[in-house]
Amino acid sequence: MTVKVEVAVRGPEAYSLARNVITEMESVGVWPTPLNFELWLHYLGDPESPLGREIRRLLNDNVVISDETSEMLAAEFLPRGRLSEEIRDAGAVLDRELTSIATAIAKAHKTQADYGVTLADASETMDGAQDPSSLKDLVGGLSHATRRVRRETAILEKRLESSNKEIARLQTHLEQVRREAMTDALTNLANRKAFDERLEELCAAEDASPLTLAILDIDHFKRFNDTWGHQTGDQVLRYVATVMSRVCPGDRFATRFGGEEFAIIFPGEKAGSVTAVLETIRHEVASRSLRRRSTNDDLGTVTISAGFAQRLPGEAAAALLERADAALYASKRAGRNRVTGASTLEKAA
Ligand code: C2E
């Protein structure tokens with residue numbers, strides 16, 4: 001929960017916020033499930049948060065908020081789920097390792113201190129020792145103390161080595177979890193969270209090189225899903241993602257933006273090369289006749305519409321996104337299956 005929402009749900013406006021949540025959900029036709037309540041609480045409690053902006057965008061686009069959409073929003077934006085669980089577990093492992101290292105160090109420290117005392121005592125005793133048997137006892141005692149120190153040091157070394165291994169394993173595991181948390185499970189493309197981070201990062205860098213953002217949307221996807229079912233719809237999403245991945249090597253950052261929408265960030269590329277890439281994707285997607293794997297039914301072809309915008313100097317990520325989105329909708333309005341650049345619209349305006 002963001003700090004803002006955390007404060008709101010325990011502040012003087014808490015109950016009126018909760019009532020507003022119910023009213024708002026009803027007015028946009030969203031079922032008052034616990035998950036939707038939580039989503040709408042975040043949305044109304046902090047409308048400018050990434051979740052707030054995304055819900056607004058979906059509502060503006062008249063997207064039906066199905067259970068699947070809610071799950072996707074929750075996975076992307078609510079601060080819980082697998083990553084935080086894994087981080088908690090990793091914290092517990094680190095805690096355990098650190099405690100055990102601290103105990104081993106304390107023990108080794110005590111043994112070293114005892115050894116120091118033994119040496120000092122031995123030195124004193126040696127000064128007064130006359131007969132060979134007391135000298136022999138002395139050396140025997142020193143040798144015993146030395147062996148003890150060596151044993152403790154070896155235990156500490158072993159402990160450190162095993163902790164190092166455990167921490168390295170943890171690092172690899174957390175890196176994998178982090179990657180998964182940034183990846184869309186269906187298409188294997190980067191997900192919305194990864195997209196938001198990358199775009200913010202690139203915009204904040206204020207690099208002098210151009211930065212272009214494209215949004216792509218599968219035409220009439222809802223109709224396709226209604227006709228052929230979600231499973232086949234998912235295959236189409238995977239197909240479009242595969243085509244996008246093929247033409248987006250290197251710095252190009254292809255993501256599943258949400259639902260049937262995709263986005264590509266083109267760092268260092270201008271309108272000309274971006275248009276060529278988008279046209280390649282558009283042609284390739286439209287040129288393949290798809291088959292339903294289970295029945296071999298001919299699914300025909302799907303098409304995509306795309307819009308893109310090149311970042312203006314100092315432009316914020318949200319504004320760039322808005323212009324790319326407007327260009328996408330221009331492609332839709334003009335009959336779909338086409339690519340539109342924001343500059344074309346701006347010149348025409
Ligand atoms: P996938 O089903 O995991 O297939 C991965 C790759 O295996 C495909 O990459 C293709 O190279 C090969 N492949 C799998 N099944 C067949 C097949 O029946 N015939 C042929 N010739 N090759 C096959 P590709 O083509 O880039 O497709 C990527 C993903 O897009 C596929 O993943 C699938 O999810 C979807 N897809 C592509 N074409 C179709 C289609 O005609 N029908 C359906 N239902 N899904 C498709």
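I started with Ala254, which I found in strand β2. Helices (H or I, at least four residues) and strands (E, at least two) are DSSP runs, numbered from the N terminus. The model is a predicted one, in which local features need pLDDT of at least 70 and side-chain atom pairs count only at pLDDT 80 or more, while totals for chains, interfaces and linings use all residues. I noted that residues are numbered from 1 along each chain as its sequence is written, and that side-chain values use heavy atoms, with hydrogens and water left out.

**Entry 1**

Is Ala254 buried or exposed? Ala254 counts as buried because its relative accessible area is 12%. The cut-offs are under 20% for buried and over 50% for exposed, with partly exposed in between (1.4 Å probe, protein chains only). I then listed the contacts of Ala254, where contact means heavy atoms within 4.5 Å. Leaving aside neighbours within four places in sequence, Ala254 is in contact with Leu189, Ala190, Met244, Cys248, Ala263 and Ile264.

Thr255 also lies in β2, which runs over residues 253-258. I read 0% relative accessibility for Thr255, so this residue is buried. With neighbours within four places in sequence left aside, the contacts of Thr255 are Leu189, Ala190, Asn191, Phe195, Met244, Phe262 and Ala263.

**Entry 1: domains**

I looked up how the protein chain is divided and found domain 1 (3-79), domain 2 (81-181) and domain 3 (192-348). These bounds come from an automatic or database domain assignment. Taken over C-alpha atoms, the centres of domain 2 and domain 3 are separated by 57 Å. I also checked one residue pair: Ala254 and Val149 are 105 residues apart along the chain, and 58 Å separate their C-alpha atoms.

**Entry 2: Ser163**

I placed Ser163 in helix α7. Ser163 is buried because its relative accessible area is 1%. Which residues does Ser163 contact, leaving aside its neighbours within four places in sequence? I found Glu97 and Ile101. The side chains of Ser163 and Glu97 are joined by a polar contact of 2.6 Å. A polar contact is a pair of N or O atoms within 3.5 Å; within protein, one must be able to donate a hydrogen and the other to accept it, and residues adjacent in sequence count only if both atoms are side-chain atoms.

**Entry 3: nonpolar cores**

A nonpolar core here is a set of buried Ala, Val, Leu, Ile, Met, Phe, Trp, Tyr and Cys residues joined through side-chain atoms within 4.5 Å. The largest one has 31 residues, of which Leu216, Ile218, Phe262, Ile264, Leu278 and Ile281 touch the most other members. I listed the elements that give two or more residues to this core: β1 (211-218), α9 (221-228), α10 (230-247), β3 (261-267), α11 (271-287) and β6 (304-310). The largest share, eight residues, comes from α10. Apart from this core lies another of 21 residues, including Phe253, Ile265, Ala327 and Ala342.

Not counting residues up to four places away in sequence, Leu216 touches Glu260, Glu261, Phe262, Ala263, Ile264, Leu278, Ile281, Ile304, Ser305 and Ala306.

**Entry 4: the ligand**

Which residues are around the ligand? I wrote down Gln235, Arg238, Tyr239, Thr242, Arg246, Arg288, Leu290, Arg291 and Arg293. At least two residues of the shell come from each of α10 and β4 (290-291), and α10 gives the most, with five.

I then took distances to oxygen atoms of the ligand. An N or O atom in the side chain of Arg238 is 2.8 Å from one. A polar side-chain atom of Arg288 also lies 2.8 Å from a ligand oxygen. For Tyr239, a backbone N or O atom lies at 3.3 Å. On its own the ligand has 770 Å² of accessible area, and the protein covers 56% of this. Accessible areas come from the Shrake-Rupley method with a 1.4 Å probe; for residues, only the protein chains shown count as cover.

Asn188 lies in the loop between α7 (132-181) and α8 (192-205). Its phi is near 70 degrees, a positive value in a residue other than glycine. Most residues other than glycine have a negative phi. Asn188 is exposed because its relative accessibility is 63%. Asn296, in the loop between β4 and β5 (298-300), also has a positive phi, near 70 degrees.

Last, I looked up Gly272 in helix α11. With a relative accessible area of 56%, Gly272 is exposed.

Terms used. Near = heavy atom within 4 Å.
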